[in-house]
Amino acid sequence: MTVAVLYAASDAGRSALAAAAAECTTHNAALLVLVSRGEAGEAARPAVLASVEEEVNDVVPTAVSRTIELIGPDTAADTVDSLLARVEEVAPRVLVIGNRRRSAVGKLLMGRDIQRLLLEVPVPILLVKPQA
């Protein structure tokens, strides 16, 4: 059994990682950390992976098996397609996503990519607010 988390280097991403780690501990599941390739250029990707690995090691208990993967090409729309395909392939127990706070207008205009992800992902979603 696997728990997947869509990680970004932000308060929302760290909250999602912590929630995913708790899910893994509770359900004796492995952790799959998905990071968008769009986060950095080709030359910076090893540094991004090292940074994510350090964050994962700080948050996730050592008993939890974990894998970190870069997903998608450099465009957001294609990243959503890649994420949907990977989640469908892995079929995790749940996909954990961090959600940043938005203004009333921001809530109305949530963003086409995240809205598409929420509507099309084939597994349950745990949407996590940043920790106060």
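Let's start with Ser 15, a residue of helix α1. In this predicted model, Ser 15 touches Val 128, Lys 129, Pro 130 and Gln 131, once neighbours within four places in sequence are set aside. Ser 15 counts as buried because its relative accessible area is 4%, and the cut-off for buried is under 20%.

## Helix α1

The buried residues of α1 are Ala 12, Gly 13, Ser 15, Ala 16, Leu 17, Ala 19, Ala 20, Ala 21, Glu 23 and Cys 24. Their packing partners are the strands β1, β2, β4 (94-98) and β5 (125-128), together with helix α2.

As for its dimensions, α1 is built from 17 residues. The distance from its first C-alpha to its last is 24 Å, close to the 24 Å expected at 1.5 Å a residue.

Now step back to the loop between β1 (2-7) and α1 (11-27), where Ala 8 is found. Is Ala 8 buried, exposed or partly exposed? With a relative accessible area of 26%, Ala 8 is partly exposed.

Along the sequence, Ala 8 and Gly 98 are 90 residues apart, while their C-alpha atoms are 8.3 Å apart in space.

## Helix α2 and its two sides

Next comes helix α2, which covers residues 45-59. Its 15 residues should span 21 Å at 1.5 Å a residue, and the end C-alpha atoms are 21 Å apart, so the two values agree.

Which residues of α2 are buried? They are Arg 45, Val 52, Glu 55 and Val 56. These residues lie on the same side of α2, because they cover an arc of only 100° around the axis.

The buried residues of α2, in contrast, pack against β1, α1, β2 (30-36) and β3 (66-71).

## Ile 68 in strand β3

One of the strands that α2 packs against is β3, and Ile 68 is part of that strand. Beyond its neighbours within four places in sequence, Ile 68 is in contact with Val 33, Val 35, Leu 49, Val 52, Glu 53 and Val 56.

Ile 68 and Glu 53 are 15 residues apart along the chain, with 7.3 Å between their C-alpha atoms. Ile 68 itself has a relative accessibility of 24%, so it counts as partly exposed.

## The whole protein

The protein has 5 helices and 5 strands, and along the sequence they follow the pattern β-α-β-α-β-α-β-α-α-β.

How many of the 132 residues count as buried, as a percentage? The share is 36%. The accessible surface comes to about 7400 Å², and 53% of this belongs to carbon and sulfur atoms. Among contacts between residues at least 6 apart in sequence, 77% join residues at least 24 apart.

Terms used:
Residues numbered from 1 in each chain as written. Predicted model: local features only at pLDDT ≥ 70, side-chain atom pairs only at ≥ 80, totals over all residues. Heavy atoms only, no water. Helix = DSSP H or I, 4+ residues; strand = E, 2+ residues; numbered from the N terminus. Buried < 20%, exposed > 50% of the residue type's maximum accessible area, 1.4 Å probe, protein only. Contact = heavy atoms within 4.5 Å. Areas by Shrake-Rupley, 256 points an atom, 1.4 Å probe, with all protein chains shown as cover. Expected span 1.5 Å × (residues − 1). Arc of directions from axis to C-beta.
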